[in-house]
Amino acid sequence: PSASRSPPAMSLSPRPVVAVAQVTSTPDKEHNWCQCSALVREAAARRARLVFLPEGFDFIGTGPEQSLHLAEPLHGHTVGRYRQLARECDVWLSLGGFHERGSDWDTTGRIYNCHILLDNSGEVVATYRKTHLFDVELPGSVSLQESSFTNPGPALVPPVDTPVGKLGLAVCYDLRFPELALALRGAGAQILTYPSAFTVPTGAAHWEVLLRARAIECQSYVVAAAQTGRHHEGRVSFGHSLVADPWGTVVAQCQEGPGLCFADIDLQFLERVRREMPVQGHRRHDLYGCPG
């Protein structure tokens, strides 16, 4: 079962609480909605201010053809349901990787991997389209070519003010590019988020160490909601959703299976870490430039 840490009573701690959802999406959109919406409602009942859902929360298809067929525009049925859910539950939602038919769908026939941020009134406050696409061939274990059916996003999105802090948006494979994280940190991000569907071999080797590295080098919270388990015959995900603090400590984590973990976001602690070790001020931009 998935590990779950209860948030402290609000009377004891004014620090905002985030909830990180771990799910097993399938090609069945209705199944996925039932799974995700139940976790959002549980998180809201436990006083989370912002709930993070992983990449592919809408579905994980059996291949490019099915993914293109099941994709929707932002104004479609799936996003509409989540907008209503955010309103009903009075929570912000990070919808970590939506298969989006964008404005160029009719001309390109390709989709975007879109991270959507909703506020508690259900408004879309930010959309970030994944800029680094996962094209990997690991003999005998992983063969995925995201660029065969997905357009790369054109730009980073400035960090967004939320009830838990300034949130920098990324998606999954973006985690391997510290330049993106440093650019968001330089633009004011206090929290970096990497909704993911990491494969088992790459997750076992690299997931936690990369997330902790981004937290340490950017002196930021890192929130990573993840897919877990078998989605269909051809796809399995690593799981282990987590939150790392600005010192690089893992303060909340799921293990196997769908579930939630919870973490406080302590911005006073974040500012103390940055003040006591002012890494940003020590960067030698004259030697190696400024990411972003």
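1. Buried means under 20% relative accessible area, exposed over 50%, and partly exposed in between (1.4 Å probe, protein chains only). The model is predicted: local features need pLDDT of at least 70, side-chain atom pairs count only at pLDDT 80 or more, and totals for chains, interfaces and linings use all residues. Residues are numbered from 1 along each chain as its sequence is written, and side-chain values use heavy atoms, with hydrogens and water left out.

2. Six strands form an open sheet in the order S5-S4-S3-S2-S1-S16, with mixed pairing. Strands S5 (124–129) and S16 (259–264) are at the edges; each has a single partner strand, so one side of each lacks a neighbour in the sheet. Helices (H or I, at least four residues) and strands (E, at least two) are DSSP runs, numbered from the N terminus; two strands pair if DSSP finds at least two bridges between them.

3. Strand S4 (residues 112–118) runs antiparallel to S5, and five bridges join the two. Cys114 stands opposite Arg129 in S5.

4. Helix H1 (residues 29–45) lies across S1 (17–22), S2 (50–55), S3 (92–100) and S16, at about 35 degrees to S16. Helix H3 (residues 77–89) packs on the sheet and touches S2, S3, S4 and S5, its direction making about 180 degrees with that of S3. Contact means heavy atoms within 4.5 Å; axes are lines fitted to C-alpha atoms, for helices over the stretch in contact, and angles run from 0 to 180 degrees between N-to-C directions.

5. Asp90 is exposed, with a relative accessible area of 51%.
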